[in-house]
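I opened the model today and went through it site by site. My notes follow.

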Amino acid sequence: MAKEKGKKLITKGRYELEFRGTACLNCGHILHLDDKYCPNCSQANSTKKLVLKDFLDEFFSNLINYDSKLLATLYAMVIKPGTITRDYINGKRIRYTNPFRFLLSLAFLYFLLVTYGNAFSNLDDLNLKDKIEKTSPVSFSINTTEDESQDSLQKPNVLQEVFKELDSVAEVEENGNLFVLDSLKHFINTKANEKRLADSLRRANPSHYFSELETDTGSSRFLDKMEFFWELIEKDSIKTFEDANTKYKVSSTFANRMAFNSTKSANRVVEQPGTWVNDTIAKLPFVIFFFLPLFTIFIYVAYIRKKYTYTDHLIFSFHNQSLLFILLILSWIIDFIFDWSTAGIFLILFSIYLFQAMRKFYGQGIFKTIVKYLFLNSVFTFLAIITLILLFAGSGFTY
Ligand SMILES: [Zn+2]
């Protein structure tokens, strides 16, 4: 086809016949005079020296070529659900952009928008840290002396209040039922004692407390270490594991480093939960590239009798995912300009689109498509929930 066209379209500038060579300047492939391009590497068959105009022409034609591909892809994708995938796997590829690259670009664009938007920043004002410290029975402090009264002056806790009450009652009933009150006090004391003991040990000699922890074989060892590190980070401006290593002789083992880094992450999460949620969501576009290949196995199973390969199904899910990103990006822009929240509407649009795409691409009847649609959506939701849990758990420990 290219040869026939080449004969008629004797063109201008560097494509003129007089500049045609007999061997490709790029790869050395033997060329005929009617080859406008090298059939091997597709470089233009021209021996003409580049002048600035040729150079710019080449640049702009590449750009326009890319643009027209992009527009063709967008148009086909939005207007004809499923058709673009069908075209692509049937070999009409040069007119569309590569599905993987297309999805990657959209994911990247979406990532930029979400990061820029930081829609969850209001969560940062939750003051989770204050809440955690208020619910914890004994206030944390390291490097202060074992002076309980000073501690209670700074942060009077409920227990201290109760004791004060009990003492005043005891004074009034000097000769009365002191025994009951005493045993009550004793009971409350024992309740708080275990925690108190651990805390005071930790305070009195942190290095020693930690080395004790190291020999402990209990299952809560990791959490105890994290609690220890939490105090270091909160109360002793320990910033890095090296600080903990030099100041508290925390040995540099893998487990210790992991406990420290997890604590550090958790600390940052608690400090700015909104930013964390946002940063984690911003990772989603890239998680997609692990998620979709997994999900595609289920599409493959649902349409096992179709003559499509796994890759065909994968391209189908790439195309649909791309459209979802396009809709989400549109929604983001509209919300940004008008201060609306249109994500729900766009998700409904997408579910209609997806159904149409499945109908067109797999060419099955409405009933069969509904069944498979419901099946695949259930699987998708299930996998997505697991992925989200793993993602958030993972990101909480590695933030
Ligand atoms: Zn060549």
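I looked up the metal site first. The zinc ion has four protein donors, Cys-24 (SG), Cys-27 (SG), Cys-38 (SG) and Cys-41 (SG), lying 2.3 Å from it. I count as donors N, O and S atoms within 2.8 Å of the metal (3.2 Å for Na, K and Ca); water is not among the atoms, so sites may look incomplete. This is a predicted model: local features need pLDDT of at least 70, side-chain atom pairs count only at pLDDT 80 or more, and totals for chains, interfaces and linings use all residues. Residues are numbered from 1 along each chain as its sequence is written, and side-chain values use heavy atoms, with hydrogens and water left out.

Next, the geometry. The four donor atoms subtend angles of 105 to 115° around the zinc ion, so the arrangement is tetrahedral. The cut-off for four tetrahedral donors is that all angles lie between 85 and 135 degrees. The ideal angle for four tetrahedral donors is 109.5 degrees.

Then I read the spacing. The donor residues follow C-x2-C-x10-C-x2-C in sequence. Cys-27 and Cys-41 both lie in the loop between helix H1 (2-8) and helix H2 (52-79), so the pair ties together parts that are 14 residues apart in sequence. Helices here are DSSP runs (H or I, at least four residues), and strands are E runs of at least two, numbered from the N terminus.

How accessible is Cys-27? Cys-27 is partly exposed, at 34% relative accessibility. Cys-41 is also partly exposed, at 25%. Buried means under 20% relative accessible area, exposed over 50%, and partly exposed in between (1.4 Å probe, protein chains only).

I moved on to cavities. A search of the whole structure gives two of 30 Å³ or more. A cavity is a set of points on a 1 Å grid over the protein atoms alone where a 1.4 Å probe fits but cannot get out; lining residues have an atom within 4 Å of a point.

Ser-262 sits in helix H12 (residues 254-271). Ser-262 is buried, at 5% relative accessible area. Leaving out residues up to four places away in sequence, Ser-262 touches Phe-222, Met-226, Gly-396 and Phe-397. Contact means heavy atoms within 4.5 Å.

Last, the whole chain. The protein chain has 16 helices and zero strands. Of its 399 residues, 36% are buried.

Notes. 1 Å grid on protein atoms, 1.4 Å probe; cavity = no way out; pocket = protein on both sides within 12 Å on 5 of 7 lines; lining within 4 Å. Points joined across faces, edges and corners; volume = space filled by probe spheres on them. Tetrahedral: all angles 85-135°; square planar, octahedral: opposite > 155°, others 65-115°.
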